[in-house]
Amino acid sequence: MPQYKLTYFNIRARAEVPRYLFALAGVEYEDKRVTREEWQQMKASVPNPFHQLPILEKDGVAFVQSGAIANYLAMEFGFHGNDNEEKYRVDMIGESIYDMSKTMMTANFEKDETKKAQLQKDFFGTFLPNWLKVMEKILGKDDYFVGNRITLADIGFIFSCDYLLAAKSDLFEDFPGLNGLYDRLAANPKIKKWREDRPQTMF
């Protein structure tokens, strides 16, 4: 049995999708969470040529870049596409979620308060409703985004929507399909247990 270690900070952010995948797969791993101070001390010697976190280690072999780590684990554990078309669909949905998240983060971390207010207004007033409308259409009448089973696309969705729901509690008011998807994922026993047991962090 491979020995896994995932190193990141004590936040969800870029390591949470891999953590979800471990939970769904029922695979044990070391969830190593470091402080900012510890990271500064270990940064120069970590097995990552970019000197960044997260880092996944499998039997001592390092895997880097959060998106690549998530894709690798999804393929290893059977949560990616079963054929090239399904893999494309998983990646397409993943990139659309990344675009949405990047737009939201740009607005939230803008330092100029006037620009920040306008960016947030544009995001919640225009970008997000349009994005949700497209995602509802992509989901259609299926229970999940790809192959009618949980894949990396769905994990990316529930992960990102937790942040959205914290800012907009009526997120799914006009999107019953997405609301159903979120509820199905949240009710999955393995996902539910992980969300209950994981360290409670702000981000």
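Here are some questions and answers about this predicted model of a protein chain.

Q: How many helices and strands does the chain have, and what pattern do they follow along the sequence?
A: Let's start with the inventory: the secondary structure comes to 8 helices and 4 strands. Reading along the sequence gives the order of these elements, and the pattern is β-α-β-α-β-β-α-α-α-α-α-α.

Q: What does the radius of gyration say about how compact the chain is?
A: For 203 residues, the globule rule gives 17 Å. The chain's own value is close to that, so it is as compact as a globular protein of that length, with a radius of gyration of 18 Å.

Q: What share of the residues of the chain count as buried?
A: To be buried, a residue must have under 20% relative accessible area. Out of the 203 residues of the chain, the share that passes this cut-off is 42%.

Q: What percentage of the contacts with a separation of 6 or more comes from residues 24 or more positions apart?
A: Take the contacts in the chain with a separation of 6 or more, then pick out those between residues 24 or more positions apart. That group accounts for 66%.

Q: Why is strand β1 said to be largely enclosed by the rest of the structure?
A: β1 covers residues 4-9, which makes 6 residues to check. Being largely enclosed follows from how many of them are buried, and that is 5 of the 6.

Q: Which strands are joined to β1 by bridges, and which one runs parallel to it?
A: β1 has bridges to two strands, β3 and β2. With β3 (residues 55-58) there are 4 bridges, and the two strands run antiparallel. With β2 (residues 30-34) there are 5 bridges, and here the strands run parallel, so the parallel one is β2.

Q: What is the handedness of the β-α-β crossover from β1 to β2?
A: Follow the chain out of β1, through helix α1 (residues 16-25) and into β2. That path is a β-α-β crossover, and its hand is right-handed.

Q: How many of the residues of α1 are buried, and what covers them?
A: α1 is mostly covered, with 9 of its 10 residues buried. Among them are Val-17, Tyr-20, Leu-21 and Phe-22. The cover includes β1, β2, β3, α3, α6 and α8.

Q: Which residue follows α1 with a positive phi?
A: Step past the end of α1 and look at the backbone angle phi there. The value is near 70 degrees, and the residue is Gly-26.

Q: Is Ala-13 buried, exposed or partly exposed?
A: Buried would need under 20% relative accessible area, and exposed would need over 50%. Ala-13 has 24%, so the label is partly exposed.

Q: What should the 12 residues of helix α7 span, and what is the distance between its end C-alpha atoms?
A: The estimate uses 1.5 Å a residue, times one less than the number of residues. For α7 (residues 176-187) that gives 16 Å. The end C-alpha atoms agree with the estimate, since they are apart by 16 Å.

Q: Which helices are included in what covers the buried residues of α7?
A: The buried residues of α7 include Leu-178, Leu-181, Tyr-182 and Leu-185. Their cover includes α5, α6 and α8.

Q: Is Phe-175 buried or exposed?
A: Phe-175 lies in the loop between α6 and α7. Beyond its neighbours within four places in sequence, Phe-175 is in contact with Pro-129, Leu-132, Lys-133 and Glu-136. Its relative accessibility is 11%, so Phe-175 counts as buried.

Methods. Residues are numbered from 1 along each chain as its sequence is written. This is a predicted model: local features need pLDDT of at least 70, side-chain atom pairs count only at pLDDT 80 or more; totals for chains, interfaces and linings use all residues. Side-chain values use heavy atoms; hydrogens and water are left out. Buried means under 20% relative accessible area, exposed over 50%, partly exposed in between (1.4 Å probe, protein chains only). A crossover is right-handed if, with the strands pointing away from the viewer, the path from the first strand over the helix to the second runs clockwise. Contact means heavy atoms within 4.5 Å. The radius of gyration is taken over C-alpha atoms; the globule rule is 2.2 Å times the number of residues to the power 0.38.
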